[in-house]
Amino acid sequence: MSNSTSPSGLSRRTFMTGSVTAAAAMPLMATSPKAAELSPARAAEPRDLSTISLRINKQAYTLALDNRTSLLDALRDHVGLTGTKKGCDHGQCGACTVLVDGKRVLSCLSFAVMNQGREITTVEGLASADGELHPVQQAFVDHDAFQCGYCTPGQIVSAIGCIDEGHAGSEDDIREYMSGNLCRCAAYPNIVAAIIQARDEIRRA
Amino acid sequence: MNQAAPVPKENQGEPVVRIDGRLKVTGQASYPADIATANVAYGVLATSSIARGKVSKVHTEEARAVPGVLDIVTYGDMDETDTPKFGNTGASSIGPLHDKTIFHEGQIIALVVAETFEAAEEASMLIRADYEDEPPSASFDSKGVKVEPAAGKSPMLQEDVKAGDFDAAYASAAVKIDQKYSTPTQHHNPIELFSTTAMWQGHQLTIHEPSQNVTGWKIELARQLKIDPANVRIVSPYVGGAFGSKGPMTARTAIVAVAARRVGRPVRCVVSRMQAFNTQTYRAETRHRIRIGAGKDGRITAFGHEGWEVTSRPDPYVVGGTSATGRMYNYGSVLTHVSIVHADRNTPGYMRSPPETPYVYALENAMDEMAVALGMDPVEFRRINEPEKEPIGGKPFSSRSLVKCYDQAAEAFGWSKRDAAVGSMRDGDWLVGMGCATAIYPTASAPCAARVRLTSDGQVRVQCGSHEIGTGVRTVAGQMAAERLGIGMDKVSVEMGDSALPPAPVSGGSISTASVCSAVLKACDAVRAKLFAAAVARDGPLAGSGNAKLDMEQEKIVASGGKSAKLSDVFKVMQVGAIEEYAEFAPKGSTPEALKKLYAGQAEFHGGDQDKDSVKYAFGAEFVEVRINSYTREIRVPRIVGAFAAGRIMNTRTARSQLMGGMIWGIGQALHEATEIDRRNARYVNRDLQDYLVPVNADIKQVDVILVPEVDLDVNPAGVKGLGELGNVGTAAAVASAVYHATGKRIRDLPIRIDNLIS
């Protein structure tokens, strides 16, 4: 995989390398003398770093990543977009669902380096700039389509994909095409009701 | 209004939208592994490949050579800490890096810390260990297990309950059954992975970890690390599903804390789905023998319930649900006995609804068999055996609306249209079956503290160290304050999930709403008292209304005579900007030490069968329709109806969602969930979400929840019974009864799968 960057969005690119979260986090002091003694300042360099560019929620990011870094870990640990969740890291739960060029993708099963030049949309990119929720987000609130909320970003992104694919025609279709997104709190009937409301609203728009 | 927001009936609160709903749908709710952490290093566990024996050597050289590896914590590195303790706060007494004994497969043997997650994961796979292994005992019937009576071994089961002369009554009963039932190993599998992030600032340790018990963990972690609890903070503002799995702290927390101290930077360890099966708790498999004897009139004269549960070698974990099954109906006599079976397994723990799910399943499946044996309608059979008082101690129920639940659920379900003859209801290729069962869960509460602040501009802040695990407790705590202080929900904020907040008990056993709301109520009443005193004082805006009844609504203090005063005017008189009150709630009957124990992280539960004056339970009735394909034996549950009475319902929206989720859990218990064990190696086989089946969207169709009005001020000041654990009790038995009705096959061992129905 080359390190070339996508030509689009160059002018608006936000250059970021390494962990964005670092900027937002609290400063952390070194600890007891014992810690220093046990751990001689070891500048351990991970191997196989590539510098890559990703477009996420219409913003460009340049990241230095291990080639093995999944898109999910890139989003969470390197870009600081932790709305996308890790539930299994094996493509079995759907909590990490994002849209890549408008299609639902399990970000835990996709290496970050494979996604250069593609448009990635996460749950953070759904509400409008003025804070108005996406119809699917609003419908999830209206229908109490979550309890703990952990699978919710994946459910919402997946629901947008499901509606867009034309797989939200009936309740049975929705159940079938949303079955890749597990909800252990089991809000399923509410999720189906929410998707119907959002589908109708999106159709009307 | 929609289905998710049922119209409140008597003693039911408004279906207020979740206070954190917007945060959850925008990805802004920060779960513990989401917390932005500067300079964080990544930890990955290495675990044992054998289930019994000793580790003779751990080889870490290859792992250390992986670029980016910072440290490996293994045997010897925890020697300066104390070993974990088994109990309400600690998951197990097994200190995996303190002792080279292997008690179960997948026991932690090392923690690798590296610059990146990828490097840590690679290195963890290069850790090798030499073992002196011994043949393990996997489960029931395995050679080498140790069986012992459970009573007295655990606070969960102090004694085997009994009443009357069971042997004589059973021997002389006109109609009787004697059957065995079983439930499989199950893992909670919340979708959020377990994780620990540890960071030191000087001597202060902060742990971000999903928890149902931040105060308890603070105390226990400080004990293990031999540091002052004042220097430990556990933070867990959002929890991505818990179901009991995040109640007890596991050995990992201290290991990650030690790792962070060693490398001098924060360490985050997110445990893989597979490793969680062995390093966290689970519901152990259970076996039951049930004997029921009755007269021809259907009155039960004898009830016998024997239970067996698997636990680890060192820890006497037991759930012992005979306390509830022994009190369920008007039995003439009761005999119970619970045994624990020590095997080479990790220590089990609470899983949504610890004692009742397996034990009531066995009872209710047996009740259906008994109804068949008597030739009696199963609803009628339960009605006939409805008790005036519980049979063990002869105490009254504080309230018991079971018959109402059966009536309302049966009507909504259309039970009267059921043809009782087995296999008589058919729809094309589908065999139709209908069944029902009782849900019961003890109503308890525990000491809890809360702080409420009201500012002169009408903003309310509620603080309580309870835990939002998806139940909606953050919302209902806010609702309680909003109602009591006459403020709109949009001006209320609620802080939870932090051991720096006023302490709350473990969020388990359906105690949170009752305990938290009772404390918030008390704090609000203290705020009101201050405001009321100022309002009616000589210089107050309601001077002269001293004898009037005062209330708060719409940011005003309203007197019974009709006069009212704006909040801001009362604050002006008081010359303060805010009133803040700290309140402690202790349930009726608490010991003098109960509140002290709250601060020590030891919740003292009251209620259930523990109180002197009455026993306290919430009840429900569930009706299930199953459809079984006559060719493939595929089993479907097209609809399920549950009616539940649980005292005051704070919020019909969150209550309905909890009960609905519980009933779907029950369908999962009945048809899907089971951890398979390789009996030769005492090893879990299906350690992921592909092979450990949980209900998915396509498994669930119509789920109807009926909230039956009930008033019970005996249980606690808030009048709340709690219902998070109620919905999935009994469900599996209702499914088993429906399967029997459709096919004539009585399946007694869960889960019920296609292969059980192929003759």
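Modeller: Two residues are in contact if their C-beta atoms, placed from the backbone, lie within 7 Å. By that rule, the contact between the two chains takes 70 residues from chain A and 69 residues from chain B. This is a predicted model, in which local features need pLDDT of at least 70 and side-chain atom pairs count only at pLDDT 80 or more, whereas totals for chains, interfaces and linings use all residues. Residues are numbered from 1 along each chain as its sequence is written, and chains are lettered from A and ligands numbered from 1 in the order in which they are written.

Biologist: Which element gives the largest share of the side of chain A that touches chain B?

Modeller: That is α7(A), with five residues. Helices (H or I, at least four residues) and strands (E, at least two) are DSSP runs, numbered from the N terminus. By class, the side of chain A that touches chain B has 36 nonpolar, 19 polar and 15 charged residues, where Ala, Val, Leu, Ile, Met, Phe, Trp, Tyr, Cys and Pro count as nonpolar, Asp, Glu, Lys and Arg as charged, and the others, Gly among them, as polar.

Biologist: Why is Tyr177(A) called buried?

Modeller: A residue is buried if 20 or more other C-beta atoms lie within 10 Å of its own, exposed if 12 or fewer, and partly exposed in between, with C-beta atoms placed from the backbone. Tyr177(A), which has its place in helix α6 of chain A, has 23 other C-beta atoms within 10 Å and therefore counts as buried. Leaving aside its neighbours within four places in sequence, Tyr177(A) is in contact with Cys162(A) and His167(A). His167(A) is ten residues away from Tyr177(A) in sequence, and their C-alpha atoms are 6.6 Å apart in space. For chain A as a whole, 49% of the 205 residues count as buried, while for chain B buried residues make up 63% of 759.

Biologist: What are the domains of chain A, and where do their bounds come from?

Modeller: The bounds come from an automatic or database domain assignment, which gives domain 1 (21-32 + 47-125) and domain 2 (135-204) of chain A. The centres of these two domains, taken over C-alpha atoms, are separated by 23 Å. In the contact between them, 15 residues of domain 1 of chain A meet 13 residues of domain 2 of chain A. On the domain 1 side, β3 (97-100) and β4 (103-106) of chain A are the elements that give two or more residues.

Biologist: How do you know that the radius of gyration of chain B agrees with that of a compact globule?

Modeller: The radius of gyration is taken over C-alpha atoms, and the globule rule is 2.2 Å times the number of residues to the power 0.38. With 759 residues, the rule gives a value near 27 Å, and chain B has 27 Å, so the two agree. The C-alpha trace of chain B spans about 85 × 70 × 50 Å along its principal axes, and its secondary structure comes to 18 helices and 32 strands.

Biologist: What makes β17 and β32 of chain B edge strands?

Modeller: Two strands pair if DSSP finds at least two bridges between them. The open sheet of five strands has the order β17-β18-β28-β29-β32 (chain B), with mixed pairing. β17 (425-427) and β32 (702-707) of chain B each have a single partner strand, so one side of each is left without a neighbour in the sheet.
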